[in-house]
Amino acid sequence: MSHAAPVHSLWTLAADPPREIPAPHIEYAQLAPTLIVLGVAVLGILVEAFLPRRARYHAQLLLSVVGLTAAFAAVVALAAGGHAGEKGRIAAMGAVAVDGPALFLQGTILLVSLIAVFTFAERRLDPAAHGNRVDSFAAQGSAVPGGEAEQAAVKAGFTTTEVFPLALFAVGGMLVFPAANDLLTLFVALEVFSLPLYVLCALARRQRLLSQESAVKYFLLGAFSSAFLLFGVALLYGYAGTVTYAGIAEVVSGTTRTVDPALASTMGNDALLLIGGALVLMGLLFKVGAVPFHMWTPDVYQGAPTPVTGFMAAATKVAGFGALLRLLYVVLPGMRWDWRPVMWGVAIVTMLLGAIVAVTQTDVKRLLAYSSIAHAGFILAGVIAASPDGVSSVLFYLAAYSFVTLGAFSVVTLVRDAGGEATHLSKWAGLGRRSPLVAAVFAVFLLAFAGIPLTSGFAGKFAVFKAAAQGGAGTLVIVGVLSSAIAAFFYVRVIVLMFFSEPKADGPTVAVPSVLTSTAIAVGVAVTVVLGVAPQYFLDLAGQAGTFVR
C-alpha cells in the first residue's frame with residue numbers, strides 16, 4: 001500500500017482549484033446570415049443521406065432557395081437596424097466585423113448565389129437520357145469517366161444533387177471572408193469556400209476529363225496560395241503579437257501599449273511586416289485572379305461546369321475583393337506608401353494582360369476568363385484610390401459586375417451541339433439570325449463588360465476611375481481606359497460574329513431553357529440596364545456602406 005501515497009497526493013494536487021474557462025460570447029443575431037446558410041447546408045447533407053433519390057432534387061432546390069432568401073432577409077434586417085452605419089461593430093469575440101462593407105458584400109454574394117442556384121438546377125438543356133431529365137453535373141461524381149459505373153449511373157437516371165449543399169458551404173465561407181476581422185478567421189473562411197469549389201469544378205457531365213483536370217489545377221494552385229497566406233499570417237503574428245486586424249494596425253501605426261514579453265524581440269520588426277503583408281496579399285490576389293497569380297483562371301473557367309464557372313466568377317471575386325479592401329484599409333493603412341506602388345504594378349499588368357490575351361482567344365469561356373482578369377485590374381484601380389470613394393466605387397463595381405458575369409455564363413449554357421455546350425467561337429457565327437433574342441441578350445452583357453454607356457459596366461468603371469483619379473492615380477486611369485479600348489475590340493468582334501456572319505448549316509442549336517435559367521438571364525439583363533440607366537440610388541447605397549468599423 002505504501003506505493004499508492006505519491007500517486008494519491010499527485011491526484012489531489014491536480015484536482016485542487018478548478019480553473020474556469022470563460023465561455024465565448026457570440027452575437028448570434030449579427031451572425032445570422034452566415035449561420036442560416038451553413039445550417040441549411042448541413043440540412044442539405046442530411047437530405048442526401050435520408051431522402052430517397054427521386055425526392056432529393058426538389059428538396060435540395062427548395063432548401064437552397066429558402067436558405068439563401070432567409071439569409072438575404074437577415075442581411076437586410078441588420079442593415080435596416082443600423083449595423084451598416086453607426087451601429088457597426090466587431091462580433092464573435094473580435095473574429096467578424098458587422099459593418100457597411102461586410103453587409104453590402106454579403107447581400108451581393110447571397111443574391112448572386114440565389115441566381116446561380118437556379119442555373120445549377122436547370123434540367124431542360126440536355127436531351128433526356130434514358131427517359132430522365134439531366135442537369136450539367138456528372139451522374140455519379142466518383143465514377144471513372146466513360147467507365148461502366150458511369151454508364152450504369154446514367155442509365156439509372158442518377159443526378160448529383162450534392163452540388164447544392166456544396167455550393168451553400170462555399171457561400172457560407174464567402175460570407176465570412178470579407179467580414180473576417182482577424183487573420184485566422186480569414187484563413188478558415190478561405191478554406192471553407194475553396195474546398196467545395198475544387199469539388200464542384202470536377203463534376204461536369206460532358207468533358208469529364210477536362211473538368212477533372214481543371215479541378216486538379218485549381219486545387220494545386222489554390223493549395224499553394226493558401227500556404228503563402230498562412231505563412232504570411234505567421235509572420236504578421238510574429239511582427240504584431242496578435243492576429244486581430246486592429247491589433248496589427250496599432251503596432252503598424254506605433255500606438256500599441258502592451259508588449260508580450262515572449263514576442264518582444266520580434267515585435268515591430270519591419271522585415272516581418274513587409275514579407276508577411278506581401279504573402280497575405282498574394283493569397284488574396286490569387287483568389288481575385290490578378291496577374292501574376294491568374295494562371296488558374298482560364299483553365300478552370302473552361303473546364304468547370306458552366307453554372308459553376310458563373311457562380312465562381314461572380315461570387316469569389318466579390319468575397320476576394322472584400323477581404324482585400326479590409327486588409328489594406330483596416331490593417332495596413334499605415335503602410336500605404338509601401339503597398340501602393342506594388343498594387344499599381346499589379347493593376348497595370350492585370351488590366352493590360354487580361355485585355356491583350358483575350359483578343360487571341362477562340363473559346364467563349366476562356367475569353368470571359370481573360371475578360372474577368374482585366375476586370376480584376378479595373379477594380380484594383382478603385383482599391384488603390386485609398387479613399388472612402390474608392391471603397392464605395394469598388395462595392396458598386398462588384399455588385400454590377402457579378403450579375404453581368406452570371407448572366408453571360410447562363411447564356412453560354414444555352415448554345416449547344418451534339419457534344420454539349422458549343423463554346424468554340426466559330427460555332428457562334430450567325431447566332432443572331434438563328435435566335436435573335438439570345439444573341440441580343442449576350443450582346444447586352446458584352447457591351448456591359450466593355451463599359452458602353454447606359455450599361456452597369458460604364459457606371460462601375462466611371463466610379464472606379466473617378467475615385468482613382470481623385471486618389472492621385474491618374475496614370476492608372478489612362479492605362480485603364482486604354483485596356484478598356486483593347487477589350488472593347490474583342491467584345492464587339494463577338495457581336496459582329498453573331499449578327500453579321502452567315503450561320504453554318506451544321507451549327508449549334510439554342511436550347512430552350514426552363515423558367516430557372518430564364519430567370520437568371522432576365523435578372524442579369526435587368527440589373528445591367530437598371531444600374532446603367534439609373535445608378536445613383538445604388539451608388540448612394542454603396543457610399544453609405546463604405547465605412548469600415550475598426
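User: How do you know that the span of helix H8 agrees with its number of residues?

Analyst: This is a predicted model, and in it helix H8 covers residues 208-240, which makes 33 residues. At 1.5 Å a residue the helix should span 48 Å, and its end C-alpha atoms lie 47 Å apart, so the two values agree. Just after H8, glycine 241 takes a positive phi of about 75 degrees.

User: Why are H13 and H19 called roughly parallel?

Analyst: The axes of helix H13 (residues 336-358) and helix H19 (residues 474-500) cross at roughly 15 degrees and come within 8 Å. Angles under 35 degrees count as roughly parallel, and H13 and H19 are therefore described in that way. Their crossing is left-handed.

User: What makes up the contact of H13 with H19, by class?

Analyst: The contact has 13 nonpolar residues, three polar ones and no charged residues. Among the residues that meet are Trp344, Met351 and Leu352 in H13, with Val479, Ile486 and Phe490 among those in H19.

User: Why do strands S4 and S5 count as standing at the edges?

Analyst: The open sheet has three strands in the order S4-S3-S5, with antiparallel pairing. Strand S4 (420-421) and strand S5 (509-510) each have a single partner strand, so one side of each is left without a neighbour in the sheet.

Note on methods
Residues are numbered from 1 along each chain as its sequence is written. This is a predicted model: local features need pLDDT of at least 70, side-chain atom pairs count only at pLDDT 80 or more; totals for chains, interfaces and linings use all residues. Side-chain values use heavy atoms; hydrogens and water are left out. Axes are lines fitted to C-alpha atoms, for helices over the stretch in contact, and angles run from 0 to 180 degrees between N-to-C directions. Helices (H or I, at least four residues) and strands (E, at least two) are DSSP runs, numbered from the N terminus. Angles under 35 degrees count as roughly parallel, over 145 as roughly antiparallel, 65 to 115 as roughly perpendicular and the rest as oblique. A crossing is left-handed if the near helix is turned anticlockwise from the far one by less than a right angle, and right-handed if clockwise. Contact means heavy atoms within 4.5 Å. Ala, Val, Leu, Ile, Met, Phe, Trp, Tyr, Cys and Pro count as nonpolar, Asp, Glu, Lys and Arg as charged, and the others, Gly among them, as polar. Two strands pair if DSSP finds at least two bridges between them. The expected span of a helix is 1.5 Å times one less than its number of residues.
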